[in-house]
Amino acid sequence: MATRAPLIQRTAIPGLGLSAGITLFMLSLVVILPLGALLAKGASFGAANVWEVVNRPRVWAALWLSFRLSFLAAAFNLVFGVILAWVLVRYRFPGKRIIDAAVDLPFALPTAVAGIALTALYAPNGVLGSLTNQIGWQIAYTQWGIWMALVFVGLPFVTRTVQPVIEEIEAEIEEASATLGASRLHTMRHVILPMLMPAALTGFALALARAVGEYGSVIFIAGNIPLRTEIAPLLIVIQLEEYNYDAAAAIGIAMLVISFAMLLAINLIQIWSRRRIGHV
Amino acid sequence: MSDAALNLHRSAGRPARPFRRPTEEAAPARIVLIAVAVGGLMLLVGAPLVIVFVEALARGWAAAVASLQSRDAMAAIRLTLLITAIAVPMNAVFGIAAAWFITKFDFRGKAFLITLIDLPFSVSPVVAGLCIVLLFGANSAMGAWLVANGFPIVFAVPGIVLATVFVTFPFVARELIPVMIEQGRSEEEAALTLGASGWRVFLTVTLPNIRWALLYGTLLCTARAMGEFGAVAVVSGKIRGQTATMPITIEMFYNEYLSVAAFSMAALLTGFALFTLMLKTVLELRHADQLAATRRH
């Protein structure tokens with residue numbers, strides 16, 4: 001928009017200095033300086049040393065675990081979130097309003113509360129854990145537990161991004177598809193789902209980003225066994241508790257780099273899918 | 001009304017007859033989808049919610065209340081209220097200023113600025129805490145100087161406030177920016193032409209237009225601020241009675257096998273979360289047109 005314009009265009013509206021001052025001061029104090037401190041720490045530690053820390057089997061295992069389970073949890077939420085959004089927009093059933101409000105509970109509930117609640121449910125002596133243990137399926141203190149916690153924290157994202165899109169689908173499109181002889185299933189697969197895809201992928205990306213960094217809800221249910229159920233954020237906490245600031249910064253930088261790479265990849269997929277489908 | 005008219009009326013109102021409109025799913029498919037959605041949500045969200053209260057009241061109401069009145073629990077509740085009372089207004093002021101700056105003026109790099117404001121949502125809370133420790137911790141130059149002058153940030157209240165502000169940073173701004181873009185600048189410009197001062201324009205023209213969006217953003221910010229765990233766990237040092245917030249105290253109680261105390265504290269936060277959700281739903285129902293409707297979280 002403003003490539004040719006001067007840096008700031010003067011308008012009649014007052015408050016430029018004050019609003020710009022508060023914005024830039026807070027942004028610097030809260031976001032830029034702290035993130036800068038992390039990058040500076042990494043730079044002074046040296047790229048070779050950062051790599052040496054990240055390349056340790058325990059760190060590698062934790063990063064791989066975090067990203068793999070986050071991906072699987074976000075994938076589950078992608079499917080379940082689209083179904084949930086469809087049901088909430090298109091169908092009428094008793095208790096719908098409560099269900100709709102309940103979707104946001106994972107946003108409102110503190111993560112530590114979610115963590116101990118899920119652990120109480122799925123521990124071997126818990127209400128649901130004792131049931132699954134009978135068929136030999138242990139959830140708490142295994143990777144299943146971590147996945148479960150990540151599903152919980154990422155649950156609302158896809159539903160909340162897809163819902164407004166479903167609301168805006170025009171009846172004519174589905175009617176046209178039916179008139180041309182498509183079965184309902186065919187219309188769903190080839191007309192409706194492609195329209196929902198960009199929004200669903202946005203929700204997927206948000207859920208993924210949230211899950212990768214998640215700490216509070218996971219550490220209670222994870223068991224935290226090195227190489228098996230230890231997530232990357234926990235490893236940072238452990239390094240900090242041992243005053244290994246360099247190693248903590250190295251793992252933190254690795255996490256930042258990988259999450260930005262993933263968000264970038266998803267943005268590219270989104271641009272590609274929008275272009276392929278041919279609408280915004 | 002005759003029987004025929006009644007039947008006609010009924011058939012018009014109810015799609016649940018054998019005849020199915022071609023733009024709807026068959027009844028069995030509908031029932032399965034509703035069952036999957038409702039059942040899944042009950043299991044994933046409903047069950048954890050119920051278990052919090054069940055565990056809190058496992059030894060009765062009196063035990064739960066007594067556990068909340070212990071010295072550590074009371075200190076944690078006071079600290080969390082203090083942190084929230086500082087961090088949320090800071091973010092509200094920042095959100096208003098940022099939204100005003102971004103929507104009322106044209107400048108280069110606006111998209112980049114918005115990206116920077118959104119950045120905290122894609123950074124792990126633990127990494128956020130780590131950044132604050134690296135910047136203000138006693139091992140850094142600035143941190144050492146601050147500690148020497150009697151104003152420690154890490155392992156003290158200012159650090160917890162900073163961590164909380166970081167993780168809730170975009171909430172208010174994100175809510176206000178779309179609403180203020182939609183409303184444009186003409187109303188403010190008209191008020192200025194009529195001779196109103198800048199503050200008067202803000203208070204009597206802008207604020208009434210954005211009040212529900214502001215309340216909505218503040219609400220989400222408050223819920224997150226009270227419940228933040230990862231970032232606070234890193235910067236607080238978890239000093240009992242001094243820097244242990246409510247979520248940190250839940251972890252302490254839980255690790256000490258004080259199940260009733262941990263879940264009672266959790267139930268208190270859950271009650272607040274439910275209250276937040278209720279207010280949020282009411283706002284969405286009553287003032288949907290004045291909220292950033294398409295970004296509902």
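In this predicted model, H11(B) passes H14(B) in a left-handed crossing. The two elements, helix H11 (residues 198-227) and helix H14 (residues 259-286) of chain B, pack at an angle of about 165 degrees, and their axes lie 10 Å apart. With angles over 145 degrees counted as roughly antiparallel, H11(B) and H14(B) are therefore roughly antiparallel to each other. On the H11(B) side, the contact is made by B:Trp212, B:Leu215, B:Tyr216, B:Leu219, B:Leu220, B:Thr222, B:Ala223 and B:Met226. H14(B) contributes B:Leu269, B:Phe272, B:Thr276, B:Leu279, B:Lys280, B:Leu283 and B:Glu284. Sorted by class, the contact of H11(B) with H14(B) comprises 11 nonpolar, 2 polar and 2 charged residues.

H14(B) also packs against helix H3 (residues 61-68) of chain B, where the axes come within 9 Å and cross at roughly 80 degrees. This angle makes H3(B) roughly perpendicular to H14(B). Here B:Ala63, B:Ala64, B:Ser67 and B:Leu68 in H3(B) meet B:Val260, B:Ala261, B:Ser264, B:Met265 and B:Leu268 in H14(B). The class count for the contact of H3(B) with H14(B) is 7 nonpolar and 2 polar residues, with no charged residues.

Turning to the aromatic side chains, 16 aromatic pairs are counted over all chains. One of them joins A:Phe76 and A:Trp147, whose ring centres are 5.3 Å apart and whose planes stand at 75 degrees, so the pair is edge-to-face. This pair links distant parts of the chain, as A:Phe76 belongs to helix H3 (residues 57-90) of chain A and A:Trp147 to helix H8 of chain A, 71 residues apart. A:Phe76 is partly exposed, with a relative accessible area of 31%, whereas A:Trp147 counts as buried at 16% relative accessibility.

A:Tyr141 has a phi near 65 degrees, a positive value in a residue other than glycine. A:Tyr141 sits in the loop between helix H7 (127-134) and helix H8 (143-168) of chain A, and with 34% relative accessibility it counts as partly exposed. In chain B, the phi of B:Lys238 is near 50 degrees, again a positive value in a residue other than glycine. B:Lys238 is placed in the loop between helix H12 (230-236) and helix H13 (246-255) of chain B. At 23% relative accessibility, B:Lys238 counts as partly exposed.

Definitions and conventions
Residues are numbered from 1 along each chain as its sequence is written. Chains are lettered from A and ligands numbered from 1 in the order in which they are written. This is a predicted model: local features need pLDDT of at least 70, side-chain atom pairs count only at pLDDT 80 or more; totals for chains, interfaces and linings use all residues. Side-chain values use heavy atoms; hydrogens and water are left out. Axes are lines fitted to C-alpha atoms, for helices over the stretch in contact, and angles run from 0 to 180 degrees between N-to-C directions. Helices (H or I, at least four residues) and strands (E, at least two) are DSSP runs, numbered from the N terminus. Angles under 35 degrees count as roughly parallel, over 145 as roughly antiparallel, 65 to 115 as roughly perpendicular and the rest as oblique. A crossing is left-handed if the near helix is turned anticlockwise from the far one by less than a right angle, and right-handed if clockwise. Contact means heavy atoms within 4.5 Å. Ala, Val, Leu, Ile, Met, Phe, Trp, Tyr, Cys and Pro count as nonpolar, Asp, Glu, Lys and Arg as charged, and the others, Gly among them, as polar. Buried means under 20% relative accessible area, exposed over 50%, partly exposed in between (1.4 Å probe, protein chains only). Rings of Phe, Tyr and Trp (its six-membered ring) pair if their centres lie within 6.5 Å; planes under 30 degrees apart count as stacked, over 60 as edge-to-face and the rest as tilted.
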